[in-house]
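Visitor: I am new to this structure. Could you walk me through it, one question at a time?

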Number of protein chains: 2
Amino acid sequence: MSTTAPELSGRLGHLLKHAQLRLAELNAQALAPFGISGRELAVLLVLAGQEAASQQQAAARLGVDRTTMVAFLDTLEGKALVARRPDPDDRRRNVVVLTPKGADTLREATAASDAAERCFLAPLAAADAGRFRAALQAVALYDDSGT
Amino acid sequence: MSTTAPELSGRLGHLLKHAQLRLAELNAQALAPFGISGRELAVLLVLAGQEAASQQQAAARLGVDRTTMVAFLDTLEGKALVARRPDPDDRRRNVVVLTPKGADTLREATAASDAAERCFLAPLAAADAGRFRAALQAVALYDDSGT
DNA sequence: CGTGAACGTCAGTAGAGCTGACGTTCTTCA
DNA sequence: TGAAGAACGTCAGCTCTACTGACGTTCACG
């Protein structure tokens, strides 16, 4: 034990950072054949979640800024995975939808990303992996408004 | 309810990202009174781990680049928390040590950061928190050389 | 209508970290 | 002894990610 200082390897911040790094790398490898990044997959996922989201709604669901969403959609539109259509009901808005190619890519890329997640969780037993996912969900989504 | 798409909130990457964001925020709040960031605390922790580390050794232990360590130490030296001394055995190296003030800050800041971690883990029962930490350690430190 | 807000867009900026080059110092081998 | 090569710390510059602020367009409310 203790190749690094014991104090450091016990810090949650350190562990979280390196866990994310490892998963990001696995994900990038898995997604490379589809020409998309993990963030772009997340955008596709959000757009597939329900019909006809505006850019701002999609940004809110993803938890990113609206200006960040512009760049994402520019890229995805360039790859013909999504399409922006003016909203007939409110012409300030763009309705963003998946193209057929986008839907195909989403399906296959999600499967690849699932495999990457399984690889990420490989050091854990199946039951532990489930508990880990649940715990992560609890701490990530917890709203501490009254700190 | 489901404010976000169910698909998205189940993605590990998304959960990991937001978990890290929340912990980083809690940590920043806890550390603010001491005038240091979470990363700077990590550097202090590494330096306290053993006597007389060179900058490069410290960088390797922290998992950052040597050039990044230069900037960290510049800042910490400016706060009089660490001191660089030329290594008498090898004058290419700087030996980096905590100052007394640095040691004090480390002790108090670590306690504050521990409190932030407890707050972060608040949505989990004590036993779950322990399992979560162990699982995180397993997946973060796992070496997948043969992907 | 006309004022104010919402939406999408763009330029500029900030933080974090890395790459590459440089001078200094040590090591090794002839 | 001396010369080539490596290690260390430093710095400038770059990349990546995401945000802030400002702008034009479009809607809503009086």
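This is a predicted model: local features need pLDDT of at least 70, side-chain atom pairs count only at pLDDT 80 or more; totals for chains, interfaces and linings use all residues.

Visitor: How do α2(A) and α2(B) lie, roughly parallel or roughly antiparallel?
Guide: Helix α2 of chain A covers residues 12-31. Its axis and that of α2(B) are 10 Å apart, at an angle of about 155°. Angles over 145 degrees count as roughly antiparallel. α2(A) is therefore, relative to α2(B), roughly antiparallel.

Visitor: In what kind of crossing, left-handed or right-handed, does α2(A) pass α2(B)?
Guide: The residues that meet include A:Leu12, A:Leu16 and A:Leu23 in α2(A), and B:Leu12, B:Leu16 and B:Leu23 in α2(B). The contact holds 10 nonpolar, 6 polar and 2 charged residues. The crossing is left-handed.

Visitor: What rotation superposes chain B on chain A?
Guide: The superposition has an RMSD of 0.1 Å, and the shift along the axis is 0.0 Å. The two copies are thus related as by a two-fold rotation axis. In chain B, the C-alpha nearest that axis belongs to B:Phe132, at 3.0 Å. The rotation itself is 180°.

Visitor: What share of the contact residues of chain B recur in chain A?
Guide: Chain B brings 45 residues to the contact, and chain A brings 45 residues. The same surface serves both copies. The share that recurs is 100%.

Visitor: Which element gives the largest share of the side of chain B that touches chain A?
Guide: Elements of chain B that give two or more residues to this side are α1 (6-9), α2 (12-31), α3 (38-49), α6 (100-120) and α7 (126-141). By class, the side has 23 nonpolar, 12 polar and 10 charged residues. The largest share is 14 residues, and it comes from α2(B).

Visitor: Now the DNA. Which element gives the most to the surface near DNA strand C?
Guide: There are 18 residues around DNA strand C, and among the nearest are A:Gln55, A:Gln56 and B:Arg91. Two or more residues each come from α4 (55-62) and α5 of chain A, and from α5 of chain B. With 3 residues, the most comes from α5(A).

Visitor: How many charged residues does the surface near DNA strand C have?
Guide: Two of the closest residues are B:Asp65 and B:Arg91, and Asp and Arg both count as charged. The surface also has 2 nonpolar and 7 polar residues. The charged residues number 9.

Visitor: Which element gives the most to the surface near DNA strand D?
Guide: By class they divide into 2 nonpolar, 7 polar and 8 charged. At least two residues each come from α5 (66-78) of chain A, and from α4 (55-62) and α5 (66-78) of chain B. The most, 3 residues, comes from α5(B).

Visitor: How many charged residues are in the contact of α3(B) with α4(B)?
Guide: These helices pack at an angle of about 115°, with axes 10 Å apart, and the crossing is right-handed. α3(B) supplies B:Ala42, B:Val43, B:Val46 and B:Leu47, while α4(B) supplies B:Ala58, B:Arg61 and B:Leu62. By class, 6 are nonpolar and no polar residues take part. The number of charged residues is 1.

Technical notes. Residues are numbered from 1 along each chain as its sequence is written. Chains are lettered from A and ligands numbered from 1 in the order in which they are written. Helices (H or I, at least four residues) and strands (E, at least two) are DSSP runs, numbered from the N terminus. Copies are superposed by least squares on the C-alpha atoms of residues with pLDDT of at least 70 in both. Two residues are in contact if their C-beta atoms, placed from the backbone, lie within 7 Å. A residue is near a molecule or strand if its C-beta atom, placed from the backbone, lies within 6 Å of it. Axes are lines fitted to C-alpha atoms, for helices over the stretch in contact, and angles run from 0 to 180 degrees between N-to-C directions. Angles under 35 degrees count as roughly parallel, over 145 as roughly antiparallel, 65 to 115 as roughly perpendicular and the rest as oblique. A crossing is left-handed if the near helix is turned anticlockwise from the far one by less than a right angle, and right-handed if clockwise.
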